[in-house]
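Here is a short briefing on charged pairs, a pocket and a surface patch. Keep the structure open as you read.

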Amino acid sequence: MNASVAVVGFGFAGLCLGMQLKRAGFDRFTIFEKAPTLGGTWRDNRYPGAACDIPSRLYSFSFESDEDWSRKWAPQREILAYMQRCAKKYDLLRHVRFGVEIAGARFDAAAGLWQLETTAGAAFAARVLVTAVGQLARPSVPAIEGLDLFRGRSFHSARWPEGETLDGQRVAVVGNAASAVQLVPEIARRAARLYVLQRSPNWVLPKPNREYTGMERRIFQWAPSVARIERWWTWGLCEARFLGIKGNPIASAIALHIAKRHLEQQVADPVLRRQLTPDYPIGAKRILLTSDYYPALQRPNVRLVTDPIGRAEQGGLVTAAGERIDLDTIVFATGFKSTEFLAPMRIEGPTGVTLDEAWRDGPEAYLGLSVAGFPNLFVTYGPNTNLGHNSILFMLECQTRYIV
């Protein structure tokens, strides 16, 4: 098969590019997806409480707005359903080869084509190669001494077992960032004991999530311009958060005041409050949004553990201070290998130089998309395009429009 465009990955980036190609009149493209279904991050992350930390009105494409979100911040199942509707509406499924993983690609200068090879040994060729594998596809699990000896179960939050509720179990959640603040409140309601192992605290802002009323949803459907106004208003509010991340003294002071007030209002115990107070400027790490994480930590069956993990044993974990924590299940909410952009794919340019070699001193790309020496290659969600204040979908929309 000789496709004019090859797209690797069918999460939001691959979906958006497929939709943009269709809108522009391109029909000769193939999307390769190693999983049996679409979805990427929103297919894999189905842990209890999984939801977006960008308001739902902004977490959709401007040219394919959804006026029927149930809540201000959409849960995982609604986001995945939105992706499925988009794929069906734009007739993308016939362009997808599910269950096909690309092992590598080499640019054939004589033919002017990218030669792709799958992990099964099949070969494909394309004039243009677009990687849409994202930065949140490969879970990061810390190397804990003795973990292989643990007799219970352990898994990453992005590999949550279907139907698992952890009812009545003794559970440890390792990590306390974006995924943890969503799943900890859910686990706390059902586990017999929950230990949250924190390496360092995060600055947290309140998340005033609520359901849209029936009247609001009808207004959005009857008058889409109202939803569009809310979308741009939301974008402006989110974009303003960048001032705090950048270090603007006024914006940082306002954000810090809100975060400290949120902590003080929700946590009365001075010891716990001190454990949850970061020692770095707000914006130096990702700011988290949640209104139910702090209350969950104060439930009688929940305990925050700030001592580092020393090792694992058959019955659980042992802290560096020597405390033994008996466990049935360990959940790793420890993020992803977000800097290993295209691993484990091998991308080789016309001179034989691989992308890994070109990026030996650090990855870089024009607009985060195009890499010198690699013709007709586009890397969506590439180097220096991650963000902690606004919607990646807005960025993907801009990137895919540029590619088209």
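A network of salt bridges links Lys22, Asp27, Asp91 and Arg94. The model is predicted. Its salt bridges come to 23 in the count.

**Salt bridge Arg46–Glu162**
- Arg46 and Glu162 form a salt bridge, with 3.3 Å between the closest N and O atoms.
- Arg46 sits in the loop between helix 2 (41-44) and helix 3 (76-89), and Glu162 in the loop between strand 7 (153-156) and strand 8 (170-174), so the pair ties together parts that are 116 residues apart in sequence.
- Arg46 has a relative accessible area of 36%, so it is partly exposed.
- Glu162 is exposed, at 67% relative accessible area.

**Salt bridge Asp53–Arg286**
- In the salt bridge between Asp53 and Arg286, the closest N and O atoms are 2.2 Å apart.
- Asp53 lies in the loop between helix 2 and helix 3, while Arg286 lies in the loop between helix 8 (270-275) and strand 11 (288-289), so this pair ties together parts 233 residues apart in sequence.
- Asp53 is partly exposed, with 24% relative accessible area.
- Arg286 is also partly exposed, with 45%.

**Salt bridge Glu64–Lys89**
- Glu64 forms a salt bridge with Lys89, and their closest N and O atoms are 2.9 Å apart.
- This pair links distant parts of the chain, 25 residues apart: Glu64 is in the loop between helix 2 and helix 3, and Lys89 is in helix 3.
- Is Glu64 buried or exposed? Glu64 has 13% relative accessibility, so it counts as buried; the cut-off for buried is under 20%.
- Lys89 is exposed, with a relative accessible area of 58%.

**Second largest pocket**
- The second largest pocket holds about 730 Å³ of space.
- Its lining has 22 residues, and Leu205, Leu237, Cys238, Arg241 and Leu289 are the closest to its centre.
- Helix 6 (224-246) and helix 7 (249-266) are the elements that give two or more residues to this lining.
- Helix 6 gives the most, with nine residues.
- By class, the lining has 16 nonpolar, three polar and three charged residues.

**Nonpolar surface patch**
- Met215, Ile219, Trp222 and Val226 form a nonpolar patch on the surface.
- Together they have about 410 Å² of accessible area.
- Helix 5 (residues 214-222) supplies the largest share of the patch, three residues.
- Ile219 is found in helix 5.
- Ile219 is partly exposed, with a relative accessible area of 34%.

Terms used
Residues numbered from 1 in each chain as written. Predicted model: local features only at pLDDT ≥ 70, side-chain atom pairs only at ≥ 80, totals over all residues. Heavy atoms only, no water. Patch = residues over 30% accessible without salt bridge, like charges linked within 9 Å, V, L, I, M, F, W, Y side chains within 5 Å. Areas by Shrake-Rupley, 256 points an atom, 1.4 Å probe, with all protein chains shown as cover. Salt bridge = Lys/Arg side-chain N within 4 Å of Asp/Glu carboxyl O. Helix = DSSP H or I, 4+ residues; strand = E, 2+ residues; numbered from the N terminus. Buried < 20%, exposed > 50% of the residue type's maximum accessible area, 1.4 Å probe, protein only. 1 Å grid on protein atoms, 1.4 Å probe; cavity = no way out; pocket = protein on both sides within 12 Å on 5 of 7 lines; lining within 4 Å. Points joined across faces, edges and corners; volume = space filled by probe spheres on them. Nonpolar A, V, L, I, M, F, W, Y, C, P; charged D, E, K, R; others polar.
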